Amino acid sequence: MSTGPGADSAPAPNRHDDDTCTTSLQTGTAPAAPDAPVAPAKGGTFSSLRIRNYRLYAGGQVVSNAGTWMQRIAQDWLVLGLTGSSAAVGITTALQFLPMLLFGLYGGVIADRCPKRPLLVGTQAAMGATGLALAALTLSGHVQVWHVYLIAFVLGVVTVVDNPARQAFVSEMVGPADLRNAVSLNSANFQSARLVGPAVAGVLITAVGSGWAFLLNGISFAAPVAALLMMRTSELHRAERAPRGKGQLREGLRHVAERPELIWPIVLVGFIGTFGFNFPIWLTAFVNNVFHAGAGTYGLLNTLMAAGSLAGALLAARRGTSRQRLLIGAAAAFGVLEIAAALAPEFWVFALLLVPIGMFGLTINVTANSSVQLASDPALRGRVMSLFMMVFMGGTPLGAPLVGWATDAYGPRVGFLAGGVISLAAAAGVGFALARAGGLRLRVDLRPGRPHLTFVPRQATAERVTAVA
């Protein structure tokens, strides 16, 4: 289902109920029908930045994203130092994403019911508070691993609401015509910060300890809060908010289940998010057990992956379209590259392979995210995106402990190899499912100068067979 220039894209006046959740009860009404397909916006790689509200948002996010990456690196290294276990790093990651698995759909309902800007002010402030709490414990010398577990879980609870609200708020800032570009620039923003955050974290950990990285992360959330408060609400492209009512979770799930263009990309990112994106586990294990290096090397590997991710985000911003075949191709390449990295004989080979892994991993995320948002009914977008994030991030509590155990028991190479094999298999399975839903079949042509593997319409193939007969 496509969305287009209707209520979701036209600027709405600033209404008196901007900062309160919808409370009216409406029954017996169907969701608004989707509008006509949206033509991609013109204006180049950075076209969304011409919009003032989005410029403010992007500026605030680049500051907090750098802090977030600093905390991620410092947290992984702190847990490894406290326990000496890759499984413990996996448990920390799992606890941070467990709330998304348990409560993710409810976060989408909240995002659909409430005005997203004030909701995000609250969630961003709460996320900053978790960084400050971890900084206080670490700098005072009282931190224990269960403190890190607890704070990771609390951060995950806040993320349940923050993620779907933030994803859906992008379309309110820029409208559907610029949505693909804005999603890509958000990813570029995040990965740009990833170039800085891990490197700074590595220096801080080595020089003064992890606590200062946590402190800077907590302070960094002042930037997005200020940006949200400075926005002009009259320039937002508001979607109709969902009223309170029964069956809203089922309504969102049914909307996804009835549409192959929604369900299969979500299935694919679920498999890859659960088994293919466990880099905190694999990279700490490779640095510690295979290459026998320290926090600086861990920061370097994350920076190399970020460089590839940034390139992938900028390429996605230039494309302006989100084709399913691009999603499947990127997922397959991602799996193959993970397999190659797991078997890399030397450090420099492993390190260089992280660049294209980052690029294709980011391509998967941006392509799936923008295609799912554009195919969703605007009134249901929060619930759809909460399901998207639930399977992408919420699968981590299932996959991370398992991957951490396999990494500890059989070695980092086996753990990384398994993630690549599962990602490649998921890409193949979802690719055939989408082809079947679209009435396509795989054609093999071994003649020189022709594409050897292509998808062609089943009807056209049948007509050719009939004509020959």
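Colleague: What should I know before we start?
Modeller: This is a predicted model, where local features need pLDDT of at least 70 and side-chain atom pairs count only at pLDDT 80 or more, while totals for chains, interfaces and linings use all residues. Residues are numbered from 1 along each chain as its sequence is written, and side-chain values use heavy atoms, leaving out hydrogens and water.

Colleague: What is the mean pLDDT of the chain?
Modeller: pLDDT is the predictor's confidence in each residue, from 0 to 100. The mean for the chain is 79, and 81% of its residues reach 70 or more. Over residues 1-41, though, the pLDDT is below 50. It also stays under 50 over residues 460-469.

Colleague: Why is the pair of F286 and F350 called stacked?
Modeller: Rings of Phe, Tyr and Trp (its six-membered ring) pair if their centres lie within 6.5 Å; planes under 30 degrees apart count as stacked, over 60 as edge-to-face and the rest as tilted. The centres of F286 and F350 are 4.4 Å apart and their planes meet at 20 degrees, so this pair is stacked.

Colleague: What makes the pair of F291 and F350 tilted?
Modeller: Here the centres are 5.5 Å apart and the planes lie at 55 degrees, so the pair is tilted.

Colleague: Which parts does the pair of F286 and F350 tie together?
Modeller: F286 lies in helix 10 (residues 279-290) and F350 in helix 13 (residues 347-375), so the pair links parts that are 64 residues apart in sequence. Helices here are DSSP runs (H or I, at least four residues), numbered from the N terminus.

Colleague: How do you know whether F286 is buried or exposed?
Modeller: Buried means under 20% relative accessible area, exposed over 50%, and partly exposed in between (1.4 Å probe, protein chains only). F286 has a relative accessible area of 0%, so F286 is buried. F350 is also at 0%, and therefore counts as buried.

Colleague: Which residues form the aromatic cluster?
Modeller: Among them are F286, F291, F350 and W282.

Colleague: Where does helix 5 bend?
Modeller: Helix 5 bends by about 25 degrees at R194, and the proline P198 follows within four residues. The bend at a residue is the angle between axes fitted to the seven residues ending there and the seven starting there.

Key:
Helix = DSSP H or I, 4+ residues; strand = E, 2+ residues; numbered from the N terminus. Contact = heavy atoms within 4.5 Å.
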